[in-house]
Amino acid sequence: MNRNSDGRHPADGTFAERGAARAERSLTGAPSGPSGTGPGHLGGLPRQRSAPTTTGQSAGPAPSPAASGPTVEAARLPAAIRSALRLLPTPLGTPFTFGYALVLAVTSYVASHADPAIVRSLHQASSTDVAHLVRYPVAVLFASALWIVGGFLSPYAAGFLLVLTALERRIGGARAAGVFLLGHVVATLATEVPVGLAVWAGHLPGSSLHRFDYGISFGVAASVGSLAGLLSPWLRWPLLTLFGSVLAEDLILLDDPMTNWGHLLALALGVATWPLVRRAARARAVASAAVRT
């Protein structure tokens, strides 16, 4: 700041004058600072704000950025929880997945706590083997999708919840159900029809017509393949590589070749739906944006 040639501040006068002014202010209770300014104001600078104060109350120091850290984290916590909850089905957000999960939870409880002989009879009646498919194909295809091999805590149950929830949020419940049923029905028929033909040709025994075949794994595999097409490339290809390698390993082990081929077929069916699900996801996003505006 510029000074006069005699070393005095242009707005303050002599040192003696400043001392007398300070003494007078201390006796009268006038605010400190240059004349005509409030506390902390700079002389010679017009239009400065004054912070309102109340009698007997002094303005405390402004909170430091560090002090506001826990508050910021607390404000972020609900948003993080909401993001995590979006991974799970809800009655309003994903009604198809939520309702289906409740049904699977009930059947898993029955399978875990009912008499083993009763559970075996239920599984046999729900099996999509050739004998049942010939008699009542629609009923048995529906019934076979009500059970989870390994119960509600199996890996396929976790995959069902996460994958179907994500898929339904992007394309809607009806389309997500369509993808699931596509994999379940087509892969089931593709694996059972050759068994029936092999028995008819004499290459397999007649007992193959009654083998156990139930569960949701074909539908989950198709849903994984379909969802991958809606993800960014850095998520899409690792997901397909990891899931496909697990299915290929099961096929190499030859534990159940027909079922393992069915899993790979269902995954390919899900990939084949990419043009449809991408168009549905775009249409859903546009409709949602229009509702918000």
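In this predicted model, the side chain of Ser-126 reaches the backbone oxygen of Leu-122 at 2.9 Å. Ser-126 lies in helix H4. Its relative accessibility is 8%, so Ser-126 counts as buried, the limit being under 20%. Leaving out residues up to four places away in sequence, Ser-126 touches Val-140, Ala-143, Ser-144, Trp-147, Asp-213 and Tyr-214.

With a relative accessible area of 46%, Ala-139 is partly exposed. From Ala-139 to Thr-128 the C-alpha distance is 9.5 Å, and the two are 11 residues apart in sequence.

**Overall make-up**

The protein contains 12 helices and zero strands. Along the sequence the pattern is therefore written as α-α-α-α-α-α-α-α-α-α-α-α. Of the 293 residues, 33% are buried. Among contacts with a separation of 6 or more, 70% join residues 24 or more positions apart.

**The largest nonpolar core**

Which residues have the most contacts inside the largest nonpolar core? They are Tyr-100, Phe-160, Leu-167, Ile-171, Phe-180 and Ile-216, in a core of 36 residues. At least two residues of this core come from each of helix H3 (95-113), helix H7 (155-171), H8, helix H9 (217-228), helix H10 (233-253), helix H11 (257-272) and helix H12 (274-292). H7 supplies the largest share, eight residues.

Tyr-100 shows how some of these residues meet. Apart from neighbours within four places in sequence, Tyr-100 is in contact with Ala-145, Phe-160, Phe-180 and Ile-216. Phe-160, Phe-180 and Ile-216 are themselves listed among the core residues with the most contacts.

**The salt bridge**

How many salt bridges does a search of the whole structure find? The search finds one. The side chains of Arg-211 and Glu-192 form this pair, with an N to O distance of 3.0 Å. Arg-211 is in the loop between H8 and H9 while Glu-192 is in helix H8, so the bridge ties together parts that are 19 residues apart in sequence. Side chains of opposite charge can pair when their charged atoms come close.

Are the two partners buried or exposed? Both Arg-211 and Glu-192 are buried. For Arg-211 the relative accessibility is 18%, which is why this residue counts as buried under the 20% limit. Besides Glu-192, the residues that Arg-211 touches are Ser-127, Asp-129, Val-195, Asp-256, Met-258 and Thr-259, not counting residues up to four places away in sequence.

**Accessibility of selected residues**

Ala-268 is part of helix H11. Ala-268 and Gly-225 are separated by 43 residues in sequence, yet their C-alpha atoms are 6.7 Å apart. The table sets the accessibility of Ala-268 beside that of the other residues discussed above.

| Residue | Relative accessibility | Class |
|---|---|---|
| Ser-126 | 8% | buried |
| Arg-211 | 18% | buried |
| Ala-268 | 44% | partly exposed |
| Ala-139 | 46% | partly exposed |

**Confidence**

The average pLDDT of the protein is 80, and 73% of the residues score at least 70. Where does pLDDT stay under 50? One such stretch is residues 50-59, for which the model has one contact beyond four places in sequence. Residues 65-71 also have a pLDDT below 50, and this stretch has zero contacts in the model beyond near neighbours in sequence.

Terms used: Residues are numbered from 1 along each chain as its sequence is written. Side-chain values use heavy atoms; hydrogens and water are left out. A nonpolar core is a set of buried Ala, Val, Leu, Ile, Met, Phe, Trp, Tyr and Cys residues joined through side-chain atoms within 4.5 Å. Buried means under 20% relative accessible area, exposed over 50%, partly exposed in between (1.4 Å probe, protein chains only). Helices (H or I, at least four residues) and strands (E, at least two) are DSSP runs, numbered from the N terminus. Contact means heavy atoms within 4.5 Å. pLDDT is the predictor's confidence in each residue, from 0 to 100. A polar contact is a pair of N or O atoms within 3.5 Å; within protein, one must be able to donate a hydrogen and the other to accept it, and residues adjacent in sequence count only if both atoms are side-chain atoms. A salt bridge is a side-chain nitrogen of Lys or Arg within 4 Å of a carboxyl oxygen of Asp or Glu.
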